[in-house]
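This briefing is an introduction for a reader new to the structure. Please have the sequence and the 3D view at hand while reading.

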Amino acid sequence: MFTLHLESPAQTRAIGASLAPIIRGGDLIMLTGDLGAGKTTLTQGLGAAMGVRGRVASPTFIIARTHVNPAGPDLVHVDAYRIGDLDDLETLDLDTALDEAVIVVEWGKGKTEGLSDNRLEITMEVAASGDAPMVEPFDLEAADDGARTVTVSAVGPRWNESTVESAMRAALKIAEFS
């Protein structure tokens, strides 16, 4: 497990993009974090670096969206917030896509671990700005402007955690100068 401190949405996209060269069809990436923590922003970076078609946006209302990749594995972006457990998730038929596509699941903790023994678990936490409480209505645009802490855990023999960490740290250095 390792932790990164990010200062901007550009850095969040950069660490997503850093995964593109090391992922392959059949990979599962679980993203955990509160509303506005940057889960979709990270997935946007990954999708752009993979070369997928279509705008990567939060799949909140459609639950799962497949982004076709003409040059490699497709990206399946899932929002499991309203999914109760793995049985509910099975209705999405993700296990058939898991062999060929890269699957990114937001809000999957405690629900999607059974999809694969090999996965990246990425937890994202928004850095608190002072002691101001979060109030409704929540401004998602402003939420993605601040710093966040990202903790990455590689689960299973598929992942070499030091390779993932090196790729992400290199991407952050590049993002600092762009």
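Predicted model: local features only at pLDDT ≥ 70, side-chain atom pairs only at ≥ 80, totals over all residues.

Is the crossing in which H1 passes H2 left-handed or right-handed? The crossing of H1 past H2 is right-handed.

**Helix H1 with helix H2**
- Helix H1 covers residues 9–19 and helix H2 covers residues 39–50; their axes come within 6 Å and cross at roughly 50°.
- The two helices, H1 and H2, are therefore oblique to each other.
- On the H1 side, the contact is formed by Pro 9, Thr 12, Arg 13, Ile 15, Gly 16, Ala 17 and Leu 19.
- H2 contributes Thr 41, Leu 42, Gln 44, Gly 45, Leu 46 and Ala 49.
- Sorted by class, the contact of H1 with H2 comprises 7 nonpolar, 5 polar and 1 charged residues.

**Helix H1 with helix H6**
- Helix H6 (residues 161–176) packs with H1 at an angle of about 140°, and the axes are 8 Å apart.
- This angle makes H1 oblique to H6.
- H1 and H6 cross in a right-handed manner.
- Residues of H1 in this contact are Ala 10, Gln 11, Ala 14, Ile 15, Ser 18 and Leu 19.
- From H6 come Val 164, Ala 167, Met 168, Ala 171, Leu 172, Ala 175 and Glu 176.
- By class, 10 nonpolar, 2 polar and 1 charged residues make up the contact of H1 with H6.

**Aromatic residues**
- Across the whole structure, the search finds 0 aromatic pairs.
- Arg 158 is placed over the face of Trp 159, at 4.2 Å from the ring centre.

Technical notes
Residues numbered from 1 in each chain as written. Heavy atoms only, no water. Axes fitted to C-alpha atoms, helices over the stretch in contact; angles between N-to-C directions. Helix = DSSP H or I, 4+ residues; strand = E, 2+ residues; numbered from the N terminus. Parallel < 35°, antiparallel > 145°, perpendicular 65-115°, else oblique. Left-handed = near helix turned anticlockwise from the far one by under 90°. Contact = heavy atoms within 4.5 Å. Nonpolar A, V, L, I, M, F, W, Y, C, P; charged D, E, K, R; others polar. Phe/Tyr/Trp six-rings, centres within 6.5 Å; stacked < 30°, edge-to-face > 60°. Lys NZ or Arg CZ within 6 Å of the ring centre and 35° of its normal.
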